[in-house]
Amino acid sequence: MTEDPCPRCRGTDVAVLDAAGPFSGPLYAGFVLRPRHCKGGAAPPLQFSACLACGLVWPTVDPEALRTAIRSQGDELARQRLDALDRGPFRDLPDSDAARDIAAAIAEIDALIYSRRNPVRRYRELRGVTWDQAHADVKAWPGLTREQKLELFGWPPSKKRRDGSDPDFDAPFH
Ligand SMILES: [Zn+2]
């Protein structure tokens, strides 16, 4: 891992700190940081750096190792979020208004659940379903595949699924 400048004062005199004393060893054995919506395992090890000019201390992690941890240990929501960060919310849809509306709605629910806010009311508004249905769908949401979510929001439109063509599309699937 390379030494970055201090995020506060941009100073380049940076020391690496190793855990020592009462915080090392068995006392910390059960303490792990885990990416949100990931089961088992842990985030890659943290490296702590300290600025020798202003004293700020900050942790870093190997980003590729973090991505690998999310891909291997994350649930659908965690892995889809990584995919959305890399390829955008409209990644697998044609460039049409209908597709964009659906992708935006799914991204909104994903974001609410990921940030641990209650998405039931918003989900109900977006889909026009009953409270019971909204609660059931939201409960299942973190485990739903991207395809299942698209289908819940009516994509692809059912009348067009039968023959595979869609005259309303502005652009073909890609
Ligand atoms: Zn500094």
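Colleague: Which residue in β2 does Val-16 stand opposite?

Modeller: Val-16 stands opposite Ser-49. This is a predicted model, where local features need pLDDT of at least 70, side-chain atom pairs count only at pLDDT 80 or more, and totals for chains, interfaces and linings use all residues. Residues are numbered from 1 along each chain as its sequence is written.

Colleague: What makes β1 and β2 (residues 47-51) paired strands?

Modeller: Strands are DSSP runs of E, at least two residues, and helices are runs of H or I, at least four, numbered from the N terminus. Two strands pair if DSSP finds at least two bridges between them. Four bridges join β1 to β2, so the two are paired, and they run antiparallel.

Colleague: Why are β1 (14-17) and β3 (57-60) placed at the edges?

Modeller: The open sheet has three strands in the order β1-β2-β3. β1 and β3 each have a single partner strand, so one side of each lacks a neighbour in the sheet.

Colleague: Why are α1 and α2 called oblique?

Modeller: The axes of α1 (residues 63-73) and α2 (residues 76-87) cross at roughly 135 degrees and come within 8 Å. Axes are lines fitted to C-alpha atoms, for helices over the stretch in contact, with angles from 0 to 180 degrees between N-to-C directions. Under 35 degrees counts as roughly parallel, over 145 as roughly antiparallel, 65 to 115 as roughly perpendicular, and the rest as oblique. The helices are therefore oblique to each other.

Colleague: Which residues of α1 and α2 meet?

Modeller: Arg-67, Ile-70 and Arg-71 in α1 meet Ala-78, Arg-79 and Leu-82 in α2, contact being C-beta atoms, placed from the backbone, within 7 Å.

How values were computed:
Two residues are in contact if their C-beta atoms, placed from the backbone, lie within 7 Å.
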